[in-house]
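Please look at the sequence and the model together.

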Amino acid sequence: MIMTEFGKRLIESAEQALTFAKGEADLKKYRVHIPEEIDVKRIREKLCMSQKRFAEVYGFSLRTIQEWEQGRMTPSGAARNFLVVLDKEPEAVRRALATSHSS
């Protein structure tokens, strides 16, 4: 069986995640980079959503989306982190937020 570069990286990432989850990771090795500027409008348009739909699907108020896009407010904290993940991995966010019917 030939392991692709992707397969090797996937296994390495899983091992790192497990180490981190067990609390065994050297946190000095890990850095999270959250950009200063979050372009909410670009993210929303990339997902082909109206402001209203974006707010409904991802749990924001419509007013907050409008304020962010007009530059009157900027996302901070968990909202900023969520938007970064949404921008980079929208399908993962959709899967995570999907309603489970297996219960």
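The model is predicted, so local features need pLDDT of at least 70 and side-chain atom pairs count only at pLDDT 80 or more, while totals for chains, interfaces and linings use all residues. Residues are numbered from 1 along each chain as its sequence is written, and side-chain values use heavy atoms, with hydrogens and water left out.

**The whole chain**

The protein has 6 helices and 0 strands, and along the sequence the pattern reads α-α-α-α-α-α. Helices (H or I, at least four residues) and strands (E, at least two) are DSSP runs, numbered from the N terminus. Of the 103 residues, 24% count as buried; buried means under 20% relative accessible area, exposed over 50%, and partly exposed in between (1.4 Å probe, protein chains only). The accessible surface comes to about 8300 Å², and 53% of that surface belongs to carbon and sulfur atoms. Areas come from the Shrake-Rupley method with a 1.4 Å probe. Among contacts with a separation of 6 or more, 45% join residues 24 or more positions apart. A contact means heavy atoms within 4.5 Å.

**Two helix pairs**

Two packed helices are described by the angle between their axes and the distance between the axes. Axes are lines fitted to C-alpha atoms, for helices over the stretch in contact, and angles run from 0 to 180 degrees between N-to-C directions.

| Pair | Angle | Axes |
|---|---|---|
| α3 (residues 51-58) and α4 (residues 62-70) | about 120 degrees | 8 Å apart |
| α5 (residues 77-88) and α6 (residues 90-97) | roughly 115 degrees | within 5 Å |

Helix α3 packs on α4 at about 120 degrees, which makes α3 oblique to α4. Angles under 35 degrees count as roughly parallel, over 145 as roughly antiparallel, 65 to 115 as roughly perpendicular and the rest as oblique. In this pair, Gln51, Lys52, Phe54 and Ala55 of α3 touch Leu62, Ile65, Gln66 and Glu69 of α4. By class, the contact of α3 with α4 has 4 nonpolar, 2 polar and 2 charged residues. Here Ala, Val, Leu, Ile, Met, Phe, Trp, Tyr, Cys and Pro count as nonpolar, Asp, Glu, Lys and Arg as charged, and the others, Gly among them, as polar.

The axes of α5 and α6 cross at roughly 115 degrees, so α5 is roughly perpendicular to α6. Phe82, Val85, Leu86, Asp87 and Lys88 in α5 meet Pro90, Val93 and Leu97 in α6. The residues of this contact divide into 6 nonpolar, no polar and 2 charged.

**Single residues**

Which residues of α4 are buried? They are Ile65, Glu67, Trp68 and Glu69, and the buried residues of α4 pack against α2, α3 and α5. Glu67 counts as buried because its relative accessibility is 13%. Leaving out residues up to four places away in sequence, Glu67 touches Arg72 and Met73. After α4 comes Gly71, whose phi is positive, near 80 degrees.

Asp87 lies in helix α5 and is buried, with a relative accessible area of 15%. Beyond its neighbours within four places in sequence, Asp87 is in contact with Arg42, Ile43 and Lys46.

Is Cys48 buried or exposed? Cys48 counts as exposed, because its relative accessibility is 71%. This residue sits in the loop between α2 (40-46) and α3. Cys48 is not a glycine, yet has a positive phi of about 55 degrees.
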